[in-house]
Protein chains: 2
Amino acid sequence: MNRVRINELLQRPEAGGEVTIHGWVRTCRHSKGFSFLEINDGSIIHNIQCVVDADVPNYDRDVKALQTGASVRVTGRLVDSPGKGQRFEIQAKDVHVYGNAEGYPLQKKGHTMEFLRSIAHLRARSNTFGAVLRVRNVMARAIHDFFQSRGFVYLHTPIITASDCEGAGEMFRVTTLDAGDPPRAEGEIDFAQDFFGKPTSLTVSGQLSAETAALALSDVYTFGPTFRAENSNTTRHLAEFWMVEPECAFFDLDDDVALAEAFLKHIFSTVLSECPDDMDFFNKRIDKTAIETLRHIVESPFERMSYSDAIEILSKSGKSFEFPIEWGLDLQSEHERYLTEEHVKRPLVLTDYPRDIKAFYMRQNDDGKTVAAMDVLVPKIGEIIGGSQREERLDRLQERMKEMGLPEEDYWWYLDTRKFGTAPHAGFGLGFERTIQFCTGMANIRDVIPFPRTPGSAEF
Amino acid sequence: MNRVRINELLQRPEAGGEVTIHGWVRTCRHSKGFSFLEINDGSIIHNIQCVVDADVPNYDRDVKALQTGASVRVTGRLVDSPGKGQRFEIQAKDVHVYGNAEGYPLQKKGHTMEFLRSIAHLRARSNTFGAVLRVRNVMARAIHDFFQSRGFVYLHTPIITASDCEGAGEMFRVTTLDAGDPPRAEGEIDFAQDFFGKPTSLTVSGQLSAETAALALSDVYTFGPTFRAENSNTTRHLAEFWMVEPECAFFDLDDDVALAEAFLKHIFSTVLSECPDDMDFFNKRIDKTAIETLRHIVESPFERMSYSDAIEILSKSGKSFEFPIEWGLDLQSEHERYLTEEHVKRPLVLTDYPRDIKAFYMRQNDDGKTVAAMDVLVPKIGEIIGGSQREERLDRLQERMKEMGLPEEDYWWYLDTRKFGTAPHAGFGLGFERTIQFCTGMANIRDVIPFPRTPGSAEF
């Protein structure tokens, strides 16, 4: 079908020529002798106004009956618009209606986010969610471009797994066994008869697999769905979310910090330069500091500080925090936000956390107490990236696994990478949806993914 | 850490300068007074040869002890190589060993694919799997580039789903209920207590979700993991694989066919131009027609033919096929291959299949017997893409769902898109791993994904 996208039309240097657009009616106003249709096709947040004269053949039958939500094809001349707020409009000579929208639930008046979530199959036709999905797309592209331009290999790590990366995840079980009457052997469920011959789950991280590939290809990254079966009904948790995990061989913590800084700056500067209209919308309607916050991050050198120094600063801050501050305890969002927003007033990379609050695979520092971990904290949300240099020394890794009760036989392949040609390596993880929340200012993480999965909800 | 990738070194216009590389020893040969190390870092299939003189300080202790698989850092001068088959080599002045590889299972001698699968955590260090993962990466990039350059929005459709796209999939159940003692209500499993409050599965396709987004944003595509719990132990089936699914509004079957042709040509021409060394390897070692096949597809206009014409041609072919040929039966791989390899001798798009062998959502043709489906067939494998125009007429769709026993209440949101601003739209699906198989000539689909999931196997 012959069509031009509305974003292309609106970017033309001048009016003129006959054009055909396809899209959905956002509003229509019928006057004596003509109608105004505002059409949107999702390519850009702006509508194009079509002026339809009553002498269009199907005017009375079709055009006057048009409702918000209807899908149409409009052919006409692109002319300069006399109205304000729009450069061009279309003087329609032909209007074809594909489908009207009797009873359409998405009217122009403001709906609550909760209501829009209940019609998630239609909400991409609203200004807010169209903008979210376009920004999400540009961010995803920016992520790929960043790593591809640096020679990283995009790696698809398995979703179904028989291992548990963090050693402590709440995982979804994946099975084909009969739910009500699973086969049993000596009273126990006989997982030998399950699809994979053993219990399997949905992955919580691709990191361990990515490490094996980094120790072959040097630089890899994953970008795929990950899962947590946590019963967390918050504005920051999803049961299914997308994660980005680069992993690099011959890489130490300094390299990792530098990569994370360059990475975040690339994503945010791409959004600023490629999504001006959508970011303008978020800045006006959702979060008045959205653009300023991104600019600030792009322009600021990240500060770096050890966890131990951070504890000292927090202790001396004179602020009263809800959660206690003590060396050895994990930092809470309130602590992270104080450090980045009030203390250093720019993005902050905290390093060298107590080993007891971090995962088994993090590289142990010589002090015997801390590990070569790093978290990147940004204003408004706190931690946005978590990473580390990995423990590449076989004996240290085995020792730590033993301390933490992780059976070596479950990790034989992971340990193999330390037996054969082990090398210093490091990586980090970025939660994609939290990063979209950060960019757009959207308050609830359920509103930055097309169809959110949360406790009690797997609609659509 | 200061490092340069070996692919960058090998592309330099001339020798000279001091360089530091990091990588793994592929082979080492020790002569009197010096050693030759072949080092690979995964950035390219070729190794770089390092010549290490015995006067390097740690020569006796470290260099002479080096084994295949060890990880090293080598610093030295980049010089023209007197040996053949390589332009440059490094005259090492410093060799640091990160980790040796006593007992390394991946020796230079040829291993079987089965053996390499049993060490999937190490096989990316072999020539074959390094090449597979690099080509896979370039293909994934080409897929994103194709759609992004055409203004499509990359959409993340849900992995966990309460619906079944095809109405007939064998699906994995996703649950947090106790496997042995699930809660019951009136004897039945009480799925209200499961994580999502109802039974859920792993998606077999993102299409239905993608349709809702296309009917808002016009052009979208998915690229994500999909799942089949089929007990198929073949060289063409995985339980977990990646699929690409574009979906476009205001798009008919002709548009869909044209998009599929441009898409395949873009992927294959990108692989040919960006992976010359890896494709050369596949062409020599795996499939002597690999490059020629891709070139042929890139250069040939795709032929188009109706299913009915195909049946007639097959009936009159005089060939004896294993499976019967009769209007109304699905085509088998042998039929597809005959048509594309022997009859038209180029890629072939078959259209307008009998509606009874196709999914409920395909648009019904006026003949009452066929649907606006299309399959793209290519030499060697047969079907590589399957797609259709979707049924946008509410009454026809409801009628078809009733005939096929699909309850409307399970698809209320899908039907809503036909009630409110419905529009002609179309899309297709491409199995990513089968396409990689096609490009590389790899015989088994388990060997084109980092960690394959198949019946009885979810290792690593």
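How much area is buried between chain A and chain B, and what share of it do carbon and sulfur atoms give? The structure is a predicted model, in which local features need pLDDT of at least 70 and side-chain atom pairs count only at pLDDT 80 or more, whereas totals for chains, interfaces and linings use all residues. Residues are numbered from 1 along each chain as its sequence is written, chains are lettered from A in the order in which they are written, and side-chain values use heavy atoms, with hydrogens and water left out.

The area buried between chain A and chain B, that is, the accessible area (1.4 Å probe) that two parts lose on being put together, summed over both, is about 8,800 Å², and carbon and sulfur atoms give 61% of it. Of the area that chain A buries against chain B, 9% is supplied by H156(A), F250(A) and F420(A), more than by any other three residues. With contact taken as heavy atoms within 4.5 Å, 114 residues from chain A and 114 residues from chain B take part.

Six salt bridges are found across the interface of chain A and chain B, a salt bridge being a side-chain nitrogen of Lys or Arg within 4 Å of a carboxyl oxygen of Asp or Glu. In the salt bridge between D219(A) and R3(B), the closest N and O atoms are 2.8 Å apart. On the side of chain A that touches chain B, helix α4 (residues 127–149) of chain A gives the most, with nine residues; helices are DSSP runs of H or I with at least four residues, and strands are runs of E with at least two, numbered from the N terminus.

Within chain B, E336(B) is placed in helix α9 (residues 333–343). E336(B) is buried yet has no salt bridge, and the nearest side chain of opposite charge, that of R236(B), is 6.5 Å away; here buried means under 20% relative accessible area, exposed over 50%, and partly exposed in between (1.4 Å probe, protein chains only), while Lys and Arg count as positive and Asp and Glu as negative, His and the chain ends not being counted. Apart from neighbours within four places in sequence, E336(B) is in contact with L331(B), L377(B), G382(B) and E383(B).
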